[in-house]
Amino acid sequence: MNTPFSTPENKISKVIEACTDCEQCRHMMASECLFFDALYRLHDQARENGKPLATGDLRDLVGLCNFCALCSCPDIRADIIEAKTRFVERDGLALGPRLLEDVARMGKLCGLFPQLANRMLANDKTGRLLKRVSNIHGDRRLPTFPEASFDTWARRQGLTHKPAPAAVNKVAYFAGCSGCYLFPEVPQALVQVFQHAGIQVYVPDQQCCGMPTLLEGDRKKTLAFMAANVEQLAALVAEGFTIVCSCPTCGFVLKKLVKERAYYADAYQTAIGAEAGILKVPIDGDRAAGPAFNRIRKSIYGKILKDDGYFAAIDPLKRIAIAENTLDAGEYLLKHIQGHQPGVRFKPATHRLVYFAPCHQREQNIGRPYKALLQLLRGPAIDVVDGTYDCCGMGGIMGYKREFHAHSIRLGTPVMEKIAARRPDVIVTECLSCRLQFHHLADYPVAHPLEVMAALLDETQR
């Protein structure tokens, strides 16, 4: 039974209280983040008129967070999602978001008859009807469905069969829903480049990473996706595979979100031999010489440092194993090339490339591996757009929604203007949500870095 303290209104009110007490994001992020802009405006209005914020205002507020993860406090982001989830659990999830949130289901369904699906979406009458039913804004440009998904292609190529147990340089590729069902040319490019570099690619069964359903407040479906992925991927880690992601959002989920608070779990503390009364928490950084730990007294922090986050119901040791053995595809490839000279050779590039580093790549704290990889290409210099708070504004499926469309354009336009000012022949970004947004905002070609690299591989140097 819900208590007043467990209501979504109470949860988001605590966020407002914490953020207005701190005020840091009023100055750092209010102009770049829809959520904080609205939070401080609503707080100021409530203080001026002396009235509490209405439930409608609070629900609209949580709907503005697209979980770009650029704000400073992971606990605030978690509380925003928790508040949104509690609203959905109490009030229900509308049909439109429920249709859009399962990208794989939509991709599989439309992929059965892609030509028919594309004709219906392109037709003025049926296209508008489908958008209305799905709560997609009428002006939003939609991608076309490919003739074959990546998983179909991968099966034909034999990539769903594991390499020999003793094989080295083997990866389990988590392709992501957008790559699999909307842009299969991206994961195909990864396979081409990795195989050229001597890396063995295995494509396991996989579910959605869970970010779209997490954003929509659908806890049940998010946990189901994650539980299935954890079982599958943890077993592969135990077999010696490294997990790689070409989608930065999938990578962010598997590297960062899934392990949040898992280090506080009793099972982990027992596994690492923590002393009685002490919590040992790993320090992020290079682990070549072994893990380093902060030691925290349970008597002081034990009541608040617990594995009680969103994914607490899933085995913490498996969550940690996945997080510690997942790499961004660019991160893995760069390390591989640097350690295997003479490495991969490329033909000279002829196009002017402008690279945009997406939010969820920047939040992995891995530097800019694709910038370094693109700089291996001979030809025009690579220009980069990666301001601290730059965000394309798409937010996955959020950018499609009627109520978020204008906000999405408002967020993305300044980034698009920065890119356009550099006069690109091709915009390069690994985020397929960014790709969708840039296609909507301008007519520049957009490519994943791995597509650029695949097109320029020098096959004579193999």
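**Close-up 1. Leu 214 in helix 13.** Leu 214 sits in helix 13 (residues 211-215). Helices here are DSSP runs of H or I with at least four residues, strands are runs of E with at least two, and both are numbered from the N terminus. This is a predicted model, in which local features need pLDDT of at least 70, side-chain atom pairs count only at pLDDT 80 or more, and totals for chains, interfaces and linings use all residues. Residues are numbered from 1 along each chain as its sequence is written, and side-chain values use heavy atoms, with hydrogens and water left out. Leu 214 is buried, at a relative accessible area of 5%. Buried means under 20% relative accessible area, exposed means over 50%, and partly exposed lies in between (1.4 Å probe, protein chains only). Leaving aside residues up to four places away in sequence, Leu 214 touches Ile 81, Thr 222, Leu 257 and Tyr 310. Contact means heavy atoms within 4.5 Å. Ile 81 is 133 residues from Leu 214 along the chain, yet their C-alpha atoms are separated by 7.4 Å.

**Close-up 2. The sheet of strands 2-1-3-6.** Four strands form this open sheet in the order 2-1-3-6, with parallel pairing. Strand 2 (200-202) and strand 6 are the edge strands, each pairing on one side only. Neighbouring strands are turned by 40° against each other on average, direction ignored. Axes are lines fitted to C-alpha atoms, for helices over the stretch in contact, and angles run from 0 to 180 degrees between N-to-C directions. Two strands pair if DSSP finds at least two bridges between them. Strand 1 (residues 170-174) and strand 3 (residues 242-245) run parallel, joined by four bridges. Within that pair, Phe 174 has Cys 245 of strand 3 as its bridge partner. Three bridges link strand 1 and strand 2 in the parallel sense. Here Val 171 stands opposite Val 201 in strand 2. Strand 3 also pairs with strand 6 (residues 326-328), parallel and over three bridges. Ile 243 has Thr 326 of strand 6 as its bridge partner.

**Close-up 3. The buried face of helix 18.** In helix 18 (residues 316-324), the buried residues are Pro 316, Arg 319, Ile 320, Ile 322 and Ala 323. Seen down the helix axis, the buried residues of helix 18 fall within an arc of 160°, so they line one face. The arc is that of the directions from the helix axis to the C-beta atoms. Their cover includes helix 14 (219-238), strand 3, helix 15 (248-257), helix 16 (266-271) and strand 6. At the start of helix 18, a side-chain oxygen of Asp 315 comes to within 2.8 Å of the backbone nitrogen of Leu 317.

**Close-up 4. The sheet of strands 8-7-9-10 and helix 22.** Four strands form an open sheet in the order 8-7-9-10, and the pairing is parallel. Its edge strands are strand 8 (383-385) and strand 10 (446-447), each pairing on one side only. Helix 22 (residues 405-421) packs on the sheet and touches strand 7, strand 8 and strand 9. The direction of helix 22 makes about 155° with that of strand 7. Strand 7 (residues 353-356) and strand 9 (residues 426-428) pair in the parallel sense over three bridges. Tyr 355 has Val 428 of strand 9 as its bridge partner.

**Close-up 5. Two nonpolar cores.** The largest nonpolar core holds 76 residues, of which Phe 194, Leu 333, Ile 419, Phe 438 and Leu 450 touch the most other members. Helix 12 (residues 185-196) gives the most to this core, with six residues. A nonpolar core is a set of buried Ala, Val, Leu, Ile, Met, Phe, Trp, Tyr and Cys residues joined through side-chain atoms within 4.5 Å. Beyond four places in sequence, Ile 419 touches Val 354, Phe 356, Val 385, Pro 424, Ile 427 and Phe 438. A second, separate core of 63 residues includes Val 62, Leu 214, Leu 233 and Leu 254.

Close-up 6. Asn 365 has a positive phi of about 55° although it is not a glycine. Asn 365 lies in the loop between helix 20 (359-362) and helix 21 (369-374). Its relative accessibility is 63%, so Asn 365 counts as exposed. Arg 423, also not a glycine, has a positive phi of about 50°. The loop between helix 22 and strand 9 holds Arg 423. Arg 423 is exposed, with a relative accessible area of 68%.

Conventions:
Polar contact = N/O pair within 3.5 Å; in protein donor to acceptor, adjacent residues only side chain to side chain.
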